[in-house]
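Hi everyone, thanks for coming. Please have a look at the structure on the screen, and I'll walk you through a few parts of it.

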Amino acid sequence: MYIEIDFNSDEALYIQLRNQIIMGIATAQFQEGDALPSVRQLADTIGINMHTVNKAYSVLRQEGFVKVDRRKGAVIAVDIDKMRAMEELKCEMQVILAKSSCKRISRAEVHALIDEIYEDYERL
């Protein structure tokens, strides 16, 4: 598992870690049932505090991307309720699309960008 943290970014470290794990799931780097490294192991590997890794794992668990298994630790489990996921996506997209509209980005440009992103996922 390759995780790259930008220590100069304004984005919180746990959010960067969370996002990279989600991207790993979307690009099939991580599969359903794969165990993530232990909190201590991942913290040591990427040079961050264990509490930061623990927070990222907790957020991923709350969002339905991982579950905690007593034997394996944090395990990829993308079995969240689709309706809940769709509602969360809708809320996030409303803000993104409002920002896009303010910047005069057209519907066609947004659709093209979405298609481009999905094509990247399909290539992997």
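Before we start, one term: when I speak of contact, I mean heavy atoms within 4.5 Å. And please keep in mind that this is a predicted model.

Let's begin with helix 2, which covers residues 39–46. Which of its residues are buried? They are Leu42, Ala43 and Ile46. If you look down the axis of helix 2, these buried residues fall within an arc of 100°, so they line one face of the helix. As a reminder, an α-helix has 3.6 residues a turn, so residues three or four places apart point the same way.

What covers that buried side? Helix 1 and helix 3, the latter running over 50–62, are among the parts that cover the buried residues of helix 2. Now turn to the face that points away from the buried side: there you find the exposed residues Arg40, Asp44 and Thr45. Just after helix 2 comes Gly47, with a positive phi of about 75°.

Next, let's visit Arg18, which lies in helix 1. Is Arg18 buried or exposed? With a relative accessible area of 16%, Arg18 is buried, because the cut-off for buried is under 20%. Leaving aside residues up to four places away in sequence, Arg18 touches Ala56, Val59, Leu60 and Glu63.

The largest pocket holds about 1300 Å³. It is lined by 25 residues, and those closest to its centre are Ile22, Leu89, Glu92, Tyr118 and Tyr121. Which elements give two or more residues to this lining? They are helix 1 (13–26), helix 4 (82–102) and helix 5 (107–123). Helix 4 gives the most, with 8 residues. Sorted by class, the lining has 19 nonpolar, 2 polar and 4 charged residues.

Lys90 is partly exposed, at a relative accessible area of 47%. Pick out Asp34 as well: Lys90 and Asp34 are 56 residues apart along the chain, and their C-alpha atoms are separated by 28 Å.

Terms used
Residues are numbered from 1 along each chain as its sequence is written. This is a predicted model: local features need pLDDT of at least 70, side-chain atom pairs count only at pLDDT 80 or more; totals for chains, interfaces and linings use all residues. Side-chain values use heavy atoms; hydrogens and water are left out. On a 1 Å grid over the protein atoms alone, a cavity is a set of points where a 1.4 Å probe fits but cannot get out, and a pocket is an open set with protein on both sides within 12 Å along at least five of seven lines; lining residues have an atom within 4 Å of a point. Grid points are joined across faces, edges and corners, and a volume is the space filled by probe spheres set on the points. Helices (H or I, at least four residues) and strands (E, at least two) are DSSP runs, numbered from the N terminus. Ala, Val, Leu, Ile, Met, Phe, Trp, Tyr, Cys and Pro count as nonpolar, Asp, Glu, Lys and Arg as charged, and the others, Gly among them, as polar. Buried means under 20% relative accessible area, exposed over 50%, partly exposed in between (1.4 Å probe, protein chains only). The arc is that of the directions from the helix axis to the C-beta atoms.
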